[in-house]
Structure formats: structure tokens, C-alpha cells
Amino acid sequence: MANQYVPPKVWTMDSENGGQWASINRPDSGARHEKTLPIGEHPIQLYSMGTARGTRKGQKVTIMLEELLALGVKGAEYDAFLIRIGDGDQFGSGFVDVNPNSKIPAMVDRSGPEPINVFESGNILFYLAEKFGHLLPTEAAPRAQVMNWLFWLQGSAPYLGGGFGHFYAYAPEKFEYPINRFAMEAKRQLDVLDKQLAKGTFIAGEAYSIADIAIWPWYGNLVLGNAYNAAEFLDVQSYTHVQRWAKMMAERPAVQRGRIVNRTMGEAWERVDERHSAADIDAALAKQPA
């Protein structure tokens, strides 16, 4: 108890104890420097990052766009520009104009008379599903189920990423209490998913939807061993229905394409810094060993 932390009456920032992200984390919002966002030639402009702490949410949108393109939706053609969050690109004036919260991903739809800014990954999925009429049922009952699970993800993922992932993998020191607290919650969430997936092929039933696209980058990557080096710690093999679903999702061509966009880590065949045409992804995937 001698080393127990006693909070001060008024919190002040301690930049020396912020871990690997201390250089960019601050308690204020808004632009920190002037930087204009690039604009490509397609209707959809995406500004994101696909690999790093917390950026599994970036994979959602590129997977969604690739699924729409696979369905023949030409209007879903997009440019994906890399936002290097470690360098603070998200605090550039252009990015903050699109998303005042300075979090990836952010999207601009330039297909209409006026650009439409869309941020928050769940909202981007919903916007694209509504705009193009795919991957979201129109009937009230199945639509409600998809939206239930989309919002479940938006509320649950922070406990997995900012909670468990942070204290288990990224915090400058490991402490038993927060790791145990968030490991318990991560396992509870996996159990929720496992029981739901025992009922049907996909998250919201027998139809593939934006709920699957939203949840897979977080929980699919987790049970496949691609997040936090925590697969053994969380005994992810025990969630057999989540395992079945995660592997099935990973085999979808659009998932394989979308998950490597705006990615800066990994082998040459599993990263595409920026995407401006299908050929950019094709070129990367062609490097994959046989």
C-alpha cells in the first residue's frame, strides 16, 4: 500500500508516464498544425490507418468498400490516404476539418454537389450501407438485429482496445488489477459473441452484414492471434463459434483486400500504404508466397 497512487485534487498531465504515445496524447482537441488533405479522383476519399494501436477500426471501412466493389457498386470506388497517427497527422487542420475528434478513419463523400464529411467507423459503415443499399436489411426486424450488433461493437471495443489491449500490451508498466479487470471483460465479450454465433452463420443471423464487417477486425483478429499477442492468455481457442466465423471471414476476398489498405507493417504482400485503384491491392497480393 506504500506505493499506492493518490490522485491529486486537480489532475495535471504527466508526459513522462504516458507510454509510447505520450508524444501525441494531450487533454485538448483541435488542429495543432496546418496540413491540407490530399484529394484523389474517386467519389469516396478515405483518410485512415490500418495497422497500429487501436487502428483495427480503420480496417472496417476498407473492407466495407471492397465488399461493395465486389458486389459491382462502381460508386464505391475510393482513394485511401494514409494518416500516420504516430506522426500526429490526425491533428492536421485538414483532418480536423473532417473529424473534429482527430481519430481515424474519416471519410469525405464527394459524389454530390457538396462534400459530405463522415466520421466514426460505425457511422461510416451505416452511411455506405444506406447510400448503396447493401449489407443492411431494409425489413425492420433483421435491420434492428444488425444495428444491435453494430452498436454493441461500438460500445464494447473500447474495453478490448483501450482497456485490455492498452494495459496488457502497451502500457509502460504492467499492473495486475487493470489487466485482470479488462481480461475478464474481454473474455465476457468473447463469450457473448460465441453464444450468438452458435445460433447462425453470421453475427446477426444467416445474412452477411455491416455487423460482421464492424466486429471482425477487432474480435476476429483477436481470436486468430493477430492482436496484442494475447491469444494464449485469453484462451481464444475455447471460443469455437467465434473461431469458425473468424476463419470464414478471413477467407473472403474483400476482407483479404480491405485489411491490407493503409497498412504500414508486415510483409510486402500484406500492406498497401495508399489505395487509388484495384491495381494497388492486386500488386501487393501478387507478392504473396505460393
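This is a predicted model: local features need pLDDT of at least 70, side-chain atom pairs count only at pLDDT 80 or more; totals for chains, interfaces and linings use all residues.

Residues are numbered from 1 along each chain as its sequence is written, and side-chain values use heavy atoms, with hydrogens and water left out.

Start in cartoon view. You'll find 9 helices and 4 strands (DSSP runs: H or I of at least four residues for helices, E of at least two for strands). Going from the N terminus, the order is β-α-β-α-β-β-α-α-α-α-α-α-α.

Zoom out next. Along the principal axes, the C-alpha atoms fill a box of roughly 65 × 50 × 45 Å.

Now colour by burial: 47% of the 290 residues are buried, meaning under 20% relative accessible area with a 1.4 Å probe, protein chains only.

Select Met64, Leu128, Phe164, Ile210, Ile215, Tyr219 and Trp245: in the largest nonpolar core, of 67 residues, these touch the most other members. A nonpolar core here is a set of buried Ala, Val, Leu, Ile, Met, Phe, Trp, Tyr and Cys residues joined through side-chain atoms within 4.5 Å.

Centre on Ile215. Leaving out residues up to four places away in sequence, Ile215 touches Trp149, Trp152, Leu153, Leu193, Ile203, Gly220 and Trp245 (contact: heavy atoms within 4.5 Å).

Last stop: another core of 12 residues lies apart from that one, and its members include Leu37, Phe81, Leu82 and Val98.

Conventions. Buried means under 20% relative accessible area, exposed over 50%, partly exposed in between (1.4 Å probe, protein chains only).
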